[in-house]
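Open your viewer and have the selection tool ready. We will take a short walk, one selection at a time.

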Amino acid sequence: MSHTYKKIELVGSSPLSSDDAIKNAISTAGQSLKHLRWFEVVETRGHIEAGVIAHWQVTIKVGFTLEEHA
């Protein structure tokens, strides 16, 4: 069976970790998008306050399957 996919770019954020920023982005996207299949990390960056990491931002590309209509 063949599928058609769409790929979008998202930015997740978290004060805890880069992994948590990714999870936040995917969780939020999953509330309005169906059939999420994969993600790839494009960029990781953070905000520094008083010499320590205060916030993470991770840009990801997320692929999902488009629904086929008969």
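Predicted model: local features only at pLDDT ≥ 70, side-chain atom pairs only at ≥ 80, totals over all residues.

Residues are numbered from 1 along each chain as its sequence is written, and side-chain values use heavy atoms, with hydrogens and water left out.

**Stop 1: the sheet.** Show the cartoon and find three strands in an open, antiparallel sheet, ordered β1-β3-β2. Strands here are DSSP runs of E with at least two residues, and helices are runs of H or I with at least four, numbered from the N terminus; two strands pair if DSSP finds at least two bridges between them. Select 5-14 for β1 and 36-49 for β2: these are the edge strands, each pairing on one side only. From one strand to the next, the twist averages 15°.

**Stop 2: β2 against β3.** These two strands run antiparallel and share 12 bridges. Pick Phe39, and opposite it in β3 you will find Val62.

**Stop 3: the helix.** Select residues 18-30, helix α1, which packs on the sheet and touches β1, β2 and β3. Its direction makes about 130° with that of β1 (axes are lines fitted to C-alpha atoms, for helices over the stretch in contact, and angles run from 0 to 180 degrees between N-to-C directions).

**Stop 4: Thr65.** Zoom to Thr65 in strand β3, residues 52-65. Its side chain makes a polar contact of 2.9 Å with that of Arg37 (a pair of N or O atoms within 3.5 Å; within protein, one must be able to donate a hydrogen and the other to accept it, and residues adjacent in sequence count only if both atoms are side-chain atoms).

Terms used: Contact = heavy atoms within 4.5 Å.
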